[in-house]
Amino acid sequence: MNNIKHCYTFLLAMLVLMPFLSARSQTHEIDLSGQWGFQTDVMDFRRGSLSPRYNHKLQETIQLPGITDDYQIGYKVPYRYIDRLTRKYEYMGPAWYQRDIEIPAAWKGKQIFIYFERTHWLSSIYVDTKEVSKIDYISVPHNHDLSAFVKPGKTHRITVCIDNRFQYNTHKWDHAHTEFTQINWNGILGEMKLVAVDPVYIEDLQVYPNINEKSIRVKMEIINRTGKQISGDAGFKVAGKNYNLSKVLRVSGKDSVIHFEGTIPLGKQIKLWDEFNPNVYDITCQLNTSTDQAKYQHEKSVSFGMREVKQGKNHVMINNRPVHLRGNVENAVFPKTGHAPVDDAEWERIMLLMKAYGLNHLRFHSWCPPDAAFRMADRYGIYFEVEMPMWGRDAEPDEARYNFFRREMSAILKAYGNHPSFVLYCNGNEITGNFDFIEQLTASGRAMDERHLFCGSTARTRVKSDQFYVSQQTNKGPVKVYEGLPYTNWDVSKQSDVDVPVISHESGQRAIYPNFEEIKKYSKSPVEPRNFEVFREQLEKNGMLDQANDFFWASGALTVVEYKAVIEALLRSSKSAGFQLLSLNDFPGQGYASVGILDPFWDSKGLVTPAKWREFCAPTVALLRYEKSAYFNDETFSADAELYNFSASGLKNAKIKWWLSDASGKVLKRGNLPAQSLGTGDVFPLGKFSFDLKGHHQAEKLSVHVAVNDSIQNSWNIWVYPRNQQIMESTNEVWYTRVYDEQTKQKLAAGARVVFCPIPDQVKGRKSIFHNHFWNPIMFAWPPMTIGCLIHDKEPVFNNFVTANHTDWQWWDILNYAKVIELKDAPGDLRPFIQVIDANDNNEKLGIGFEAKVGKGKLLVLAVDTQKDIDKRPATRQLLKSIDAYVKGNQFDPKIEVDPDFINSFINR
Amino acid sequence: MLKQFFKNILKISWLITALVSLSGFVLAQEIVLDKQADLEQVYLKSNESVGLLPMNDLDMEFGYVLYESEIQVDQANSVLELEHVRDYAVVFVDEQLQGTLTDGRKKVSLKVTPGKYKLKLYVENIGRITYGPEILDNSRGLFGSVSLNAGEIENWTITPLHIKGLDVAGLKFNARRESSVPGFLHGNFHIDHPKDGYLDISGWGMGEVWINGKYIGAFWEEEKQQSIQVSADLLQKGQNEITVFELKNSGQKTMKITDQPVFK
């Protein structure tokens, strides 16, 4: 009973003392989110209510965190931008945000800060009538020191000016502040708060792992505002899964900035961090110090991972193991909000998508994401390359801009340097200008922080301090892979083998016809795809609106075919450090590049499942080198199998199988390659196999599969065709011709069936190519401006030619010998059976093959060269065979009539 | 006295050599290029054209093309101006180098007296797609117009050069003589112990290099990087050979093999 009473007395005493203790020793925060006074300032001239000098109260209100777009502030855009999403309300200028804030009396003696997690990009703070602080970082939080300007116990009018105008003459495309992807927003995002700390506090805590000694070196910058000698303890706690450790180190000093360094051995239980085992630890330092008169306390926590990064011969080394970077270029594409997310949930979704699509790397192109991105990458094991807002001529001499870059780089290293996911740093994208400055920046970054590898610029002049190189080419040749080929016995290994690891820059970039269904996803966004409306209207005007979805699917399917080929070529390149795909998701600027298998919201377009994608893009992938995709049935298929293995471990006694299946999935042939134990961190030969293609008397699509231990599987389509020795033989009923001459016209007039295969050189029209357009047709308006083909595969003309409704590698020897006929003057109902998809900003009807009624005659036009190299073009021969069977049969009955002169209109004379 | 001086010099150089080898550094090995082959050996089929043809029209994704035309120079300090250069052009009038041009520097003053000459523009495209608001096409090589004192030059002979993917074993070399025009150079060098190294090309203009018949890479004086990696497996114990294509021909006689990459 007595004991209980004592307990009560003690608790009561604690309750009485608590506010006092906490006021003396703890950090305090006031959340500043919520309603703020607001005023635009498009005049940049202190409009009536805007002069803080007279302590005027702002008339309007806004909710923060948020951006002006959320409240329809600014210029209501009446236009339909073609080259990007249209921002519904544009605002660029100073904007004023205001709140009266009572500074608690208990904060007496403390250091007081106002903190904004992310703003764009100059923030100035006025306390009552006086401007007291300005910060213009774009990549890191703004933390203004108000200590000297606010008085505990008093209510102050805090007015914040956010100016999203360009503070320096940086490239308008830099993704940190571009209108092209995220918009150049005005506002305050993420955490916003007032913070009060004791006058002795930890300004910076950096953790440097030593994986050999299983220890960390801790460096702290301790601010001492007492002006006196301080001493005390830095009590460190390291915590992680099944791990806890405490260590107390002594601290003392007299200076206003005390640089503390200490080593903490972490013992055997500590685990390394990498993509497979993303073990993250938190370290908290409780700093207890005192002067002769007072005691102070401050706590700071950061997270870290036990990982070291080194420059290997050809690869980035994580914990002394080579990694191969399978990456995506991230360009601040966030149309849902108009700004990069600052919350964990959205970034967690993105990291899980990376994993789902077999990727382990993100390059942040000319921007650096907020802390939440790093936190989630730490948690899921994704390697980041981050950059400053630097692009193009940003390195041309301009001292103010140079100083901005110098500050920004240090700030990025300080703010995010502890994150294990922060593996690579590059100044920016495709920089031109003074490379002495670039070298100086890069060298100073290296000297500042050894926890990352550094690179001067992507895809431009090399500098001495480069520790890796992201480029389309090295001095040994091109390392870019933008498109596939109908054979796979090639790579870019040799060209990648230089003095530093080389990452293939912006791989892929194959355009897909826009999916107009996406328009409705933008109803709540600050931006909308008004360009899609323009494209759609044009398509409708040209009579093909009903084909919009087919164009999207057929061009999308081709992009998947291309990306499989592109990625496998880069995986076959054992001396490449990796690749950065541009991109898994669409890029809605620079003309609007719909190149992703995900839309701009990072939602799947439904073109390929993650599981199918991982067959060719994952830590372990079965690869096959073979010399062609289309075969005659008297030929032999032979191939070399390889295993790309950059997974956590090797494969012991791996069973290696191959098999051949037909379109129905039936296995036609199978075999084993010798079982072997395979390592990791390289591309390993598995062996050779071959089989003859005898017995395939009909044209067939077959699939060659390779499996390693059953769990690793990949497959490739090949096509086999009979020789078709006799093609294009005219009969009494069917007239084959390469010229549209009088005789042909007479035949048609007499009601004959005519197959007209004009010599491509004589066809007016566009060049035919297999690949869909690079990036997008607006930024790169180079010919032939086509986005793949829609094959009308259900038409009887294809009864003897195996094809889907999109092109695959069997079409290579047809499309490379063809010409695209412009059919805008053809009757609206005429639909070519080989329909070429025009650029989405032009939307004309195009085709390589079509049929029509000409008077009493029946005409089939195929603008394909039927002579050049024809012995080596099995698919073309088969197509001609299929056409022959069709025109000689009773299904050939064109419905749409064209004028005889229409044929002349596309033939050169 | 003089004898003593030389003795000291010898001592010092011996000491330096000893120190260098003790510290693990190896003195750079110099390679003398003492043979040459004319560029005509790699001319592909020429095209005659009134206006310029970009490489796209020659079905080249990247590589080298020679553009030639007759010009009449009427005055001293005549200015030659190109409308587009992708990515690099070396200007010769007859056999005299006049200068080098890029898309950022498209004018050159001709150092010739009035008269009739053969204008030769050797052009390289490195095959990259350049992003930027200023470049929206994908043309490579020369296109648009070439003018001399604002008068357009016409009637071009356009000859692709077979340099990318060339089998250099097929080139016929002669002893080297003074020459200022682009061409191939060749040298032999001896290696006792093949190991990874770097070919230091400092002082050379722009071109490509093969060692023992295998392509090792390209160089350009305007890059900060002034070396090309040479992996040990390309080298053989004993005699090795090097072949260099030099576009600008800065008259260099030697290259070096070093341990470290070279940057300026």
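View 1. A:Phe384 and A:Val755 touch the most other members of the largest nonpolar core, which has 250 residues. Such a core is a set of buried Ala, Val, Leu, Ile, Met, Phe, Trp, Tyr and Cys residues joined through C-beta atoms within 7 Å; buried means that 20 or more other C-beta atoms lie within 10 Å of a residue's own, with C-beta atoms placed from the backbone. Helix α8 (residues 548-572) of chain A gives the largest share of this core, 15 residues. This is a predicted model, where local features need pLDDT of at least 70, side-chain atom pairs count only at pLDDT 80 or more, and totals for chains, interfaces and linings use all residues. Residues are numbered from 1 along each chain as its sequence is written, while chains are lettered from A and ligands numbered from 1 in the order in which they are written.

**View 2. Around A:Val755.** Beyond its neighbours within four places in sequence, A:Val755 is in contact (C-beta atoms within 7 Å) with A:Val734, A:Tyr736, A:Leu860, A:Leu862, A:Ile883 and A:Val887. A second, separate core holds 59 residues, including B:Trp210 and B:Phe219.

**View 3. Strand β27 of chain A.** β27(A) pairs in the parallel sense with strand β26 (residues 361-364) of chain A over three bridges; strands pair if DSSP finds at least two bridges between them. A:Leu362 stands opposite A:Phe384.

Technical notes: A residue is buried if 20 or more other C-beta atoms lie within 10 Å of its own, exposed if 12 or fewer, and partly exposed in between; C-beta atoms are placed from the backbone. Helices (H or I, at least four residues) and strands (E, at least two) are DSSP runs, numbered from the N terminus. Two residues are in contact if their C-beta atoms, placed from the backbone, lie within 7 Å.
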